Amino acid sequence: MKKADACGVGSLSFLDELSRRSRTNIWHQEESHANISQEISLNDAVLASKGDAIDKVMIFIRHGEALHNNFERDYNEMGQSGSAWLDPDCPRDPLLTERGYGKALDIARALDVVADLKPELVLTSPLRRATQTAVLSLNRCHPSRSIREVKWICHPLIAEESGISYSDITSSPDDLESEFGRHIDYSLHRMTYRPVDENNIQLKTASKETKAELERRAIDFMKWVKGRDEKVIVVVSHMSWLDALNRKALNLANETSPYGRGEIRAVALNWL
């Protein structure tokens, strides 16, 4: 009970669940990302962030509605044939709609209620809709508004499934830095960014990321997270990637539904 006491009485239920999972885990112990994870409430995330009972507290956010979602809806309502995502008029790397903007502010208010939950690291996808969601929902973690040093990183491993939409063509690191600020570290994005030749009509279908490749990205991301010192980490990403993470890297696929737009969830995690 020593570790449970370090987190407080209110955390016993999810600590017990993590203990149960550790006895029945399906991971091979040699897998470097092997972990026992459990979805928890934001209030329990506060408890989990204290003491040494939990290795990581992960806050996952799916971006809100963006302009390409409106484009798809209008495209389908007009009875257009083919995929809206592959239509040349599909918005490139779009920002949030008014509804998506409002959802990000809802997340900010939800996090304000648990003010004792103090993120140490904010990770965002290179796509603008995710970065905008992060900036709006985690405004209190901005360097100009926080007395604590919170690291912000644009991470290519948490981008949306690639090769399925013009909306997933990422902007350059310089453009993103100019739009969202230098407090976000774009060094990883600079290492992997390659401009897309939109004149190559076959590019989008020829380069589509497979399910296995998407899951491998999720696993590689968790390996990267394991090497970080920060305990409370916020990740702002996309539905397909978050589903792959739950399915393959956190082993939560049978217990969670797909993320809704503008949804926030907390996960307590211990490495094996």
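Phe 71 and Tyr 75 are both buried. The model is a predicted one. The two residues share helix H4, four residues apart, or about one turn of the helix. An α-helix has 3.6 residues a turn, so residues three or four places apart point the same way.

The structure contains three aromatic pairs. In one of them, the ring centres of Phe 71 and Tyr 75 lie 5.9 Å apart with the planes at 40°, so this pair counts as tilted.

## Surroundings of H4

Helix H4 spans residues 67-77. Its buried residues are His 68, Asn 69, Asn 70, Phe 71 and Tyr 75. They pack against helix H6 (128-137). Just after H4 comes Gly 79, with a positive phi of about 70°.

Which geometry does the aromatic pair of Phe 221 and Trp 241 adopt? The pair is edge-to-face, at 5.3 Å centre to centre and 80° between the planes. Phe 221 belongs to helix H10 (residues 211-226) and Trp 241 to helix H11 (residues 239-249), so the pair ties together parts 20 residues apart in sequence.

Phe 221 is buried, at 0% relative accessible area. Trp 241 is buried too, with a relative accessible area of 0%. Ring pairs join Phe 221, Trp 224 and Trp 241 in a cluster.

## Arginines over tyrosine rings

Arg 92 places its charged end over the ring of Tyr 166, 4.2 Å from the ring centre. Arg 265 lies over the face of Tyr 259, with 4.0 Å to the ring centre.

How values were computed
Residues numbered from 1 in each chain as written. Predicted model: local features only at pLDDT ≥ 70, side-chain atom pairs only at ≥ 80, totals over all residues. Heavy atoms only, no water. Buried < 20%, exposed > 50% of the residue type's maximum accessible area, 1.4 Å probe, protein only. Contact = heavy atoms within 4.5 Å. Phe/Tyr/Trp six-rings, centres within 6.5 Å; stacked < 30°, edge-to-face > 60°. Lys NZ or Arg CZ within 6 Å of the ring centre and 35° of its normal.
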